[in-house]
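Let's take a friendly look at how a protein is put together. Have the model open as you read on.

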Amino acid sequence: MDAYDEGSNARHGPDAPRRPAPPAQRSAPADSAAPDASPGPPEPDVHPGPEPAPVASPVPSEPVVSAVPSEQVASPVPPAPRGPWPPGEPRSGIAALSPRYQVGVALALAVVAIGVCVHIGMTFLHVAPPNTVTRTHGEAVDDWIYPEFEQNWKLFAPNPLQQNISIQVRAGVRGPDGMTQTTGWYDLSAEDGRAIDGNLLPSHTQQNELRRAWDFFVATHDSENRPVGLRGSLSESYLRRIMVLRLGRDDAVRAATGSTGVIERVQVRSRTSNVPPPEWSREKVSTTPSYRELPWWRVPQDEARGGVR
């Protein structure tokens, strides 16, 4: 047995700590009779060995010296104040402008916003059913809408148009000899129809310019072709300018006048015919065309010489 044996019967050296006895042995009285145990072999005599050398306590490690200066370690740098934009990045957009220009941009945006709101309100009043506001300020609403922003519900009309209306024009052209020559009638609606037929992406001008100009004229004139209100004169000027532009681009007019004539006057008429009913229908409708012929309009010199191009 060694002196460092963990057994309960091991002998310890003089400086070795004694192991505490088990609780059962501590609680037993001293004079209590120990149970008879069978004698075993004699234990060998163990002489205490040399006293073990004391174990040196570990040397405390020296503090690690940091390479960072003490000023930086002792006092942490406070965070930089945060602004409306990240530090170090240049300002962009309106923020990059001077205060004076920022005020100008703000005023411009306010004017645009007000204009958009006014336009939306006028358009709503124009297409809305008659009400107190339109009865009181209907003229102001019409002046704002016509002719550029006209709106209507014809797309959703329960009774769609059942007539074919074509616009025709002829011109009085002054030649180099000073004589005025009258051309034949040119069906401008038929020319637009041929340009649209088979075209996957027809232009807005070919589809609506001539038709809307004629609708504008009819709505502002009576049955005697007399203008009603201030917009009547505007519709005449608008329709006349379209006629001059179309005749100036027409190859037939240039061929008839030798490309040297000047348009002095124009005359417009409409040809209206009913759409024939389908074969299975019993409805009887006359397909004889009717005409509405307008008086001759004098063409101002600036328009006749290309001033409206």
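The protein exposes about 23800 Å², and carbon and sulfur atoms supply 58% of that area (accessible areas come from the Shrake-Rupley method with a 1.4 Å probe). This is a predicted model, in which local features need pLDDT of at least 70 and side-chain atom pairs count only at pLDDT 80 or more, while totals for chains, interfaces and linings use all residues. Residues are numbered from 1 along each chain as its sequence is written, and side-chain values use heavy atoms, leaving out hydrogens and water.

Of the 309 residues, 19% are buried (under 20% relative accessible area, with a 1.4 Å probe and protein chains only). The protein has nine helices and six strands, which are DSSP runs (H or I, at least four residues, for helices; E, at least two, for strands) numbered from the N terminus.

Two helix pairs are set out here, with axes fitted to C-alpha atoms over the stretch in contact and angles running from 0 to 180 degrees between N-to-C directions.

| Pair | Angle | Axes apart |
|---|---|---|
| H6 (residues 204-219) and H7 (residues 230-249) | about 150° | 9 Å |
| H3 (residues 99-127) and H4 (residues 132-145) | about 120° | 9 Å |

How are H3 and H4 oriented to each other? Their angle makes them oblique (under 35 degrees is roughly parallel, over 145 roughly antiparallel, 65 to 115 roughly perpendicular and the rest oblique). Residues making their contact (heavy atoms within 4.5 Å) include Val118 and Met122 of H3 and Val141 and Trp144 of H4.

Terms used: Buried < 20%, exposed > 50% of the residue type's maximum accessible area, 1.4 Å probe, protein only.
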